[in-house]
Amino acid sequence: MREKLTKGDVEKIRAEIEHRKLVERKELIEAVKEARSHGDLSENFEYHAAKKEKNRNESRIRYLERMLKTAVIVEDHSKADEVGLNNTVEVYVEDDDEVETYRIVTSVRGNSLKGLISIESPVGKALLGHREGDRVYVKVNDDYGYYLVIRKVIKTESEAEDHIRSF
């Protein structure tokens, strides 16, 4: 699956790759050398742990580089009053009689526990392109869905932070 990333996501991933190559890689190689110098490698837990951590770092670098190669760059083309990428949305959940706040993000940054809803998720897909006051249907599967009413669309991060603090 090709990840959908913003230019900002790409910059963050490139920064992580650079940090892992220039900083962490050197530290982990030194940790392996240090642990190796402690003697018998067959019973040297520090050596095996350091080697495992070094391999984990290299795997992460390969994963991020592969993600960048196959990624699709997306931009927000929503109008000023529509829900778009990186917008914060306050919605009324009819079934639960509750108000929730979400931020619409790319799939890489999605974390529903923190209110970061992916554009690939049912909620993200349902909200994109709609306006304040719209009642949208979130289709979860063939048998189940629910309605949300968009109460507020916040375009800028500073406005969103002020809004979240007011709760």
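Start your tour by selecting N86, a partly exposed residue with a relative accessible area of 24%. On this scale, buried means under 20% relative accessible area, exposed means over 50%, and partly exposed is in between, using a 1.4 Å probe and protein chains only. You are looking at a predicted model, in which local features need pLDDT of at least 70 and side-chain atom pairs count only at pLDDT 80 or more, while totals for chains, interfaces and linings use all residues. Residues are numbered from 1 along each chain as its sequence is written, and side-chain values use heavy atoms, with hydrogens and water left out.

**Stop 1**

Helices (H or I, at least four residues) and strands (E, at least two) are DSSP runs, numbered from the N terminus. N86 is not a glycine, yet its phi is positive, at about 70°. Most residues other than glycine have a negative phi.

Now select D97, in the loop between strand 3 and strand 4. What is the phi of D97 near? It is near 55°, again a positive value in a residue other than glycine. D97 is exposed, with a relative accessible area of 56%.

**Stop 2**

Five strands make an open sheet in the order 5-4-3-7-6, with mixed pairing. Its edges are strand 5 (116-118) and strand 6 (135-139), each of which pairs on one side only. On average, neighbouring strands here are turned by 45° against each other, direction ignored; the axes behind such angles are lines fitted to C-alpha atoms, for helices over the stretch in contact, and angles run from 0 to 180 degrees between N-to-C directions. Two strands count as paired if DSSP finds at least two bridges between them. Strands of a sheet pair through backbone hydrogen bonds, either parallel or antiparallel.

Walk across the sheet pair by pair:

- Strand 5 and strand 4 run parallel and are joined by three bridges. Select V105 and you will find S118 of strand 5 opposite.
- Strand 4 (residues 98-105) and strand 3 (residues 88-93) are antiparallel, with six bridges. They form a hairpin with four residues between them, and D97 sits in the turn. V89 stands opposite Y102 in strand 4.
- Strand 3 also pairs with strand 7 in the antiparallel sense, over six bridges. Here T88 has I154 as its bridge partner in strand 7.
- Strand 7 (residues 145-154) and strand 6 are antiparallel too, over five bridges. Five residues link these two strands in a hairpin. Two facing pairs to select are V138 with Y146 and K139 with G145.

**Stop 3: the enclosed strand and the core**

Keep strand 7 selected and show its surface. Why is strand 7 described as largely enclosed by the rest of the structure? Seven of its ten residues are buried.

Now highlight V91, V123, L127, L148 and I150, which touch the most other members of the 19-residue largest nonpolar core. Such a core is a set of buried Ala, Val, Leu, Ile, Met, Phe, Trp, Tyr and Cys residues joined through side-chain atoms within 4.5 Å. Strand 3, strand 4, helix 3 (122-127), strand 6 and strand 7 each give two or more residues to this core. Strand 7 supplies the largest share, four residues. In soluble globular proteins, nonpolar side chains tend to be buried together.

**Stop 4: tyrosine rings**

Select Y144 and Y146. They form a tilted aromatic pair, 6.1 Å centre to centre with 40° between the planes. Rings of Phe, Tyr and Trp (its six-membered ring) pair if their centres lie within 6.5 Å; planes under 30 degrees apart count as stacked, over 60 as edge-to-face and the rest as tilted. Y144 is partly exposed at 42% relative accessibility, whereas Y146 is buried at 16%.

R135 lies over the face of Y147, 3.7 Å from the ring centre. A charge sits over a ring if NZ of Lys or CZ of Arg is within 6 Å of the ring centre and within 35 degrees of the ring normal.

**Stop 5: out to helix 1**

Finally, select L28 in helix 1 (residues 7-36). L28 is buried, with a relative accessible area of 14%.
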